[in-house]
Amino acid sequence: MSQTTTETRKWIDVAGADGIADGEVKTFQVEAYRVAVARANGQLYAVQDLCSHDDGPLGDGDLEGYGIMCPRHGAKFDIRTGAVLAMPAAAPIETFPVMEKDGRIYVALKDRGGDDVVADDSW
Ligand code: FES
């Protein structure tokens, strides 16, 4: 017996496109996830609003270029990839697909149907 799982992106409308200016970060609750959405060099990026060091609120941190700095202990992450740019964090953070369409900003989660929605950045 085989089981087939169809996974698709579930796009969630989070804000108006003019609500996030270049160089700005805003946080949103997207289903079960706290997500920080940033605009850098005109492009939108979305990462978890949770520092991998000790759960600091990344969305409250400063954005410099593509780096976002945790306001708690100063760890820095690349918003394009989630990679660690500065200690004390050692583990990367999760990223989410994000798009701008018809004047709205959408963040994607992976939708497996039902309530089993998980974030995924492998698309
Ligand atoms: S919680 Fe972010 S650097 Fe410590």
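Two strands pair if DSSP finds at least two bridges between them, and strands themselves are DSSP runs (E, at least two residues), numbered from the N terminus, as are helices (H or I, at least four). With that in hand, let's look at this chain, which has zero helices and twelve strands. The model is predicted, so to speak of a local feature takes pLDDT of at least 70, side-chain atom pairs count only at pLDDT 80 or more, and totals for chains, interfaces and linings use all residues. Residues are numbered from 1 along each chain as its sequence is written.

**The chain as a whole**

- From the N terminus on, the elements run β-β-β-β-β-β-β-β-β-β-β-β.
- Of the 123 residues, 30% count as buried; a residue is buried if 20 or more other C-beta atoms lie within 10 Å of its own, exposed if 12 or fewer, and partly exposed in between, with C-beta atoms placed from the backbone.
- Two residues are in contact if their C-beta atoms, placed from the backbone, lie within 7 Å.
- Among contacts between residues at least 6 apart in sequence, 43% join residues at least 24 apart.

**The sheet with S2, S3, S4 and S9**

- Strands of a sheet pair through backbone hydrogen bonds, either parallel or antiparallel.
- Here, an open sheet of four strands has the order S2-S3-S4-S9, and its pairing is antiparallel.
- S2 and strand S9 (95-96) stand at the edges with a single partner strand each, so one side of each has no neighbour in the sheet.
- Six bridges join S2 and S3 in the antiparallel sense, and valine 25 stands opposite alanine 38 in S3.

**The sheet with S5, S6, S7 and S8**

- Another open sheet of four strands has the order S5-S6-S7-S8, again with antiparallel pairing.
- Its edges are strand S5 (63-64) and strand S8 (84-86), each with a single partner strand, so one side of each is left without a neighbour in the sheet.
- S5 and S6 pair in the antiparallel sense over two bridges, and leucine 63 faces isoleucine 68 in S6.

**The largest nonpolar core**

- A nonpolar core is a set of buried Ala, Val, Leu, Ile, Met, Phe, Trp, Tyr and Cys residues joined through C-beta atoms within 7 Å.
- The largest one here has 29 residues, and those touching the most other members are Val37, Ala38, Ala46, Val47, Ile68, Val98 and Val107.
- Elements giving two or more residues to this core include strand S1 (8-16), strand S3 (33-40) and strand S11 (104-111), and S11 gives the largest share, five residues.
- Leaving aside neighbours within four places in sequence, valine 47 is in contact with residues including Ala36, Leu58, Phe77 and Ile93.
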